Amino acid sequence: MTVRTRFAPSPTGYMHIGGMRTALFAWLWARHNNGQFILRIDDTDEQRNIGEALGPILNAFRWLGLDWDEGPEVGGPHGPYFQSQRRVFYDEALAKLLTSGHAYRDFESPEDTQTQREAAEKEKRVYVSSRVSLELSAAESERQAADGKPFVVRLLIPRSQKLVINDHIRGRVEFDCGLMPDPVIARNDGSPLYNFATVVDDAALEITHVIRAEEHLSNTPIQVLLHRALGNKTPEWAHIPYVAAPGTKEKMSKRKIDKYRTNPQFQKLFELGDQVLSRIGIDANSNELSPVMVAYYREVGFLPAGVLNALVRLGWSLDDQTEILSLADMMRKFTLERVIRSPAGLDPDKMLSFQSHWMHALSPREKLDGCLPFLKKARLIDDENDHATQAKVASIIDLAADRLRVFGDIFQLDEFFVADDQLKMDDKNFQKRVVKPETAIGLLTELRGRLADVFNFATEPLHDLLQSFTTEKKIKAGDIFPALRLCVTGKAQGPDLFRSLELLGKDCVLRRLDRAIGLADSMRASG
RNA sequence: GGCCCCAUCGUCUAGUUAGGUCUAGGACAUCGGAUUUUCAUUCCGGUAACAGGGGUUCAAAUCCCCUUGGGGUCACCA
């Protein structure tokens with residue numbers, strides 16, 4: 001038997017990070033078994049622009065490298081893969097259920113049903129369907145339908161049954177059918193509802209394993225009943241716990257994004273995002289893009305490998321040691337058996353740690369190719385194909401070394417890209433290390449003179465020069481190094497000072513020193 | 001509220017199916033120390049958990065029951 005799994009998103013315009021984890025598990029299980037992974041679009045209820053709403057979802061899959069064997073854009077032998085185009089199959093199945101008596105026309109008005117529901121709730125009774133329409137003879141039911149009396153089609157729940165599901169992750173779960181109302185499977189216009197369409201399609205697409213989020217567990221008995229009524233082979237089930245928001249056990253939700261902003265565990269991610277997104281013209285506060293969405297991580301400069309590694313470790317582990325897994329590793333080693341039963345909260349810290357690992361594993365060329373588009377988007381470089389530009393950026397990436405965790409981190413070294421008058425100054429530290437110390441300006445002025453005389457403006461000679469300068473002046477490195485760094489980079493900390501000076505170049509260093517000394521002078525004069 | 005699910009360090013988890021080798025292991029975070037004339041990295045070390053109560057057993061994180069807590073779901077949404 002070929003394993004066939006599916007992910008069935010409804011086109012919402014974005015890909016949820018938790019949904020992505022579920023999709024990853026389904027994909028992994030298919031690939032692990034040399035099976036097929038199918039993408040089906042559950043758009044029975046959506047009237048919107050499908051292209052626009054589906055694009056971000058497909059992009060997320062493509063970005064992470066999760067391919068699909070059948071589905072949108074690639075087609076396949078079981079198409080179409082949009083539920084909105086599969087009406088004929090639902091009609092057929094519906095007719096079958098109606099004639100076999102597994103389903104019935106319900107002429108009761110929605111208001112009546114609602115009233116009964118409320119009454120049951122008030123009396124603390126379990127609500128089950130009234131089934132008054134079932135008292136109609138077949139001919140009568142037919143006649144009323146023909147007369148145009150509105151009805152919905154409900155599945156007739158066998159109330160005496162106890163239904164057992166053997167879930168790959170939950171184990172044995174039992175439901176009492178006597179407690180279930182008859183679910184509507186088709187509206188008055190014949191359009192199918194989720195539970196019904198899913199069952200028809202899972203069967204038609206020959207899905208062997210339904211791997212989905214655990215919130216669907218309560219839908220499963222209905223779907224099993226439907227499969228049986230239709231004479232289908234019931235697929236195997238695996239209900240995966242949902243992904244919780246950091247530091248909580250609550251399902252992560254797009255709607256709660258404002259709440260997450262004040263969540264201390266989430267802080268680091270938001271800060272990183274705000275910092276990067278503001279540079280590339282995305283309003284980080286608009287919530288158009290948030291850490292709930294896969295696209296967020298791409299825009300901030302995460303690697304697919306980093307995101308994938310973080311996701312797979314959410315609710316799954318190989319053993320008591322292994323943390324780092326490539327997609328190929330996961331594919332080889334993933335089993336449903338080792339999926340954990342309880343929900344896991346996304347951990348931004350750990351995610352960033354995985355990301356750092358995969359970033360450090362990249363070759364210089366790969367890092368360069370990753371950073372270039374970011375610099376271009378931020379207008380920090382003009383032509384990302386220019387050789388001189390590339391060489392410069394490559395040197396800066398090399399200098400940044402481990403500081404580069406996500407591609408967006410390259411913006412932290414913006415001093416190498418901005419014009420002198422655009423350089424932002426860390427005012428507090430500038431005061432402390434340049435303006436305030438009695439001798440600082442004098443020392444810097446003298447140092448400026450020495451630097452101007454340096455012929456070979458390179459790391460080694462510069463290092464030697466600074467070294468002898470401190471010896472000669474009988475000062476500590478701490479008296480001059482930070483001050484010099486502040487003047488030429490605007491920052492109190494950063495990568496190796498001498499390499500930074502070399503990369504900036506003599507002219508730039510001298511210009512920025514002049515500017516900073518002038519600034520310090522005026523600040524001191526004004527008190 | 002009904003039904004269903006879940007419960008090990010702050011977090012992600014190993015260990016639960018086949019009870020003993022678990023004075024509970026790893027990772028992230030955190031705290032110390034070393035390296036680095038800054039920052040980051042790297043390396044060493046530390047703090048830190050079986051929700052509670054009853055059973056069963058020679059022996060329980062592991063099996064059973066109860067309690068508590070958390071969560072999901074109860075649509076003519078998916």
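I take helices (H or I, at least four residues) and strands (E, at least two) as DSSP runs, numbered from the N terminus. The model is predicted: local features need pLDDT of at least 70, side-chain atom pairs count only at pLDDT 80 or more, and totals for chains, interfaces and linings use all residues. Residues are numbered from 1 along each chain as its sequence is written, chains are lettered from A and ligands numbered from 1 in the order in which they are written, and side-chain values use heavy atoms, with hydrogens and water left out.

**Entry 1: backbone**

I looked up Asn34 in the loop between helix H1 (17-32) and strand E2 (36-39). Its phi is near 60 degrees, a positive value in a residue other than glycine. Buried means under 20% relative accessible area, exposed over 50%, and partly exposed in between (1.4 Å probe, protein chains only). Asn34 counts as exposed because its relative accessibility is 72%.

I then went to Lys474, in the loop between helix H18 (459-473) and H19. Phi is near 55 degrees there, again positive in a residue other than glycine. Lys474 has 74% relative accessibility and so counts as exposed.

I also noted a cis peptide bond between Gly79 and Pro80, with omega about -5 degrees. Pro80 sits in the loop between helix H2 (50-64) and helix H3 (87-100). Most residues other than glycine have a negative phi, and most peptide bonds are trans.

**Entry 2: RNA strand B**

I call a residue near a strand if one of its heavy atoms lies within 4 Å of it. I found 55 residues around RNA strand B, of which Arg187, Tyr242, Gly315, Arg403 and Gln467 come nearest. Of the RNA atoms within 4 Å of the protein, 72% belong to sugar or phosphate and the rest to bases.

**Entry 3: sheet**

I traced an open sheet of three strands in the order E3-E4-E7, with antiparallel pairing; two strands pair if DSSP finds at least two bridges between them. Strand E3 (103-106) and strand E7 (184-186) are the edge strands, each pairing on one side only. Strand E4 (residues 152-155) and E7 are joined by two bridges, and Arg154 stands opposite Val184 in E7.
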